[in-house]
Amino acid sequence: MQKDVEINTEFITLGQLLKEEGIIGTGGQAKWFLRENTVLVNGEHDDRRGKKLYEDDVVEVPDEGSFKIIMKSGNQCI
């Protein structure tokens, strides 16, 4: 099942997403987590904690699920 993740900025980083979704406890754990797990961004492996995720990007995390980035209503970026 895919979970929608609302953002109110232009983008969120992969590390921030992992932390905000409770997959890791601190931002410092992102590097280790991404090195040890195959995380897919839009179907392609990505291990960069600073990878910018924009609206409609989909992140798949092993044993955690799939997350789709959506823009919070009223905060559309131009």
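**View 1. Lys 3 and Glu 21 meet in a salt bridge.** In this predicted model, the side chains of Lys 3 and Glu 21 come together with N and O 2.6 Å apart; a salt bridge here is a side-chain nitrogen of Lys or Arg within 4 Å of a carboxyl oxygen of Asp or Glu. The pair links distant parts of the chain, 18 residues apart: Lys 3 sits in strand β1 (residues 2-7), while Glu 21 lies in the loop between α1 (14-20) and α2 (30-36). Helices (H or I, at least four residues) and strands (E, at least two) are DSSP runs, numbered from the N terminus. Lys 3 is partly exposed, at 41% relative accessible area, and Glu 21 is partly exposed too, at 23%. For these labels, buried means under 20% relative accessible area, exposed over 50%, and partly exposed in between (1.4 Å probe, protein chains only).

As you look through the views, note that residues are numbered from 1 along each chain as its sequence is written, and that side-chain values use heavy atoms, with hydrogens and water left out. Because the model is predicted, local features need pLDDT of at least 70 and side-chain atom pairs count only at pLDDT 80 or more, whereas totals for chains, interfaces and linings use all residues.

**View 2. Asp 46 pairs with Arg 48.** Here the closest N and O atoms of the salt bridge are 2.7 Å apart. Asp 46 is buried, with 9% relative accessibility, whereas Arg 48 is partly exposed, at 47%.

**View 3. Lys 68 forms a salt bridge with Asp 56.** The closest N and O atoms of this pair are 3.9 Å apart. The bridge joins distant parts of the chain, with Lys 68 in strand β7 (residues 65-71) and Asp 56 in the loop between β5 (52-53) and β6 (58-61), 12 residues apart. Lys 68 is partly exposed, at 26% relative accessibility. A search of the whole structure finds three salt bridges.

**View 4. Lys 31 on helix α2, shown with Asp 47.** Lys 31 belongs to helix α2 and is exposed, at 51% relative accessibility. From C-alpha to C-alpha, Lys 31 and Asp 47 are 7.7 Å apart in space, and they are 16 residues apart in sequence.

**View 5. Thr 13 and its contacts.** Is Thr 13 buried or exposed? Thr 13 is buried, with a relative accessible area of 17%, and it is found in strand β2 (residues 12-13). Leaving aside neighbours within four places in sequence, Thr 13 is in contact with Arg 49, Gly 50, Lys 51 and Leu 53, where contact means heavy atoms within 4.5 Å.
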